[in-house]
Amino acid sequence: MSKVAPEAVWQDDECFDIGSTRFRASGVDTDYMSEDSSADDFVLAKPRLMVDRLLELRDEEEQWRRIVDIGIFKGGSTAFLALAFQPERLSAFDLNAKPVPALEAFIDEHGLRDVVRPWYGLDQGDAAALEAAVRADHIG
């Protein structure tokens, strides 16, 4: 049985909602570098064109079971992927060892601890460490 994909409702060219979560999308670094995320309002370092293409890809497949997100930044991509794609498992990796409070709160508020696994302090350039983490999350 496939899940019904939640709708992304664009408010303007930079803001959209999925359910009660707002996303502020921008491909301009001066926009997303200066703003912060919260558990229900995320900075998303992607322009609308990229978001729309990801949603098109989502709609081309019946179900996205497993997703790997490289680069947590302010948590926007991970939250977006979790809501829009509703995977069974989503692993997100970031070099920064400090957890992203907005993402951590989002995961807890949406009951996604068994689905979304953020890995902080993991160098994405370390192929062996990245492979071990992906295997741990997705293969068991």
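Ala8 stands opposite Ile18 in strand E2. This is a predicted model, where local features need pLDDT of at least 70, side-chain atom pairs count only at pLDDT 80 or more, and totals for chains, interfaces and linings use all residues. Residues are numbered from 1 along each chain as its sequence is written, and side-chain values use heavy atoms, with hydrogens and water left out.

Let's begin with the sheet. Helices (H or I, at least four residues) and strands (E, at least two) are DSSP runs, numbered from the N terminus. E1 and E2 (residues 15–18) run antiparallel and are joined by three bridges; two strands pair if DSSP finds at least two bridges between them. In the open sheet, four strands follow the order E1-E2-E3-E4, with mixed pairing. Strand E1 (8–10) and E4 are at the edges with a single partner strand each, so one side of each has no neighbour in the sheet. On average, neighbouring strands of this sheet are turned by 25° against each other, direction ignored.

What lies across E2, E3 and E4? Helix H3 does, running at about 110° to E4. Here contact means heavy atoms within 4.5 Å, while axes are lines fitted to C-alpha atoms, for helices over the stretch in contact, and angles run from 0 to 180 degrees between N-to-C directions.

Now for the aromatic rings. Rings of Phe, Tyr and Trp (its six-membered ring) pair if their centres lie within 6.5 Å; planes under 30 degrees apart count as stacked, over 60 as edge-to-face and the rest as tilted. By this rule the count comes to ten aromatic pairs. Take Phe42 and Phe106: their ring centres are 5.5 Å apart and their planes at 90°, so this pair is edge-to-face. Phe42 belongs to strand E4 (residues 41–44) and Phe106 to helix H4 (residues 101–109), so the pair links distant parts of the chain, 64 residues apart. Both Phe42 and Phe106 are buried (under 20% relative accessible area; exposed is over 50%, partly exposed in between, with a 1.4 Å probe and protein chains only).

Trp64 and Phe85 are also edge-to-face, because their centres are 5.4 Å apart and their planes at 85°. Phe85 is buried, at 9% relative accessible area, whereas Trp64 is partly exposed, at 28%.

Finally, Arg48 lies over the face of Trp10, 4.1 Å from the ring centre (CZ of Arg, or NZ of Lys, must be within 6 Å of the ring centre and within 35 degrees of the ring normal).
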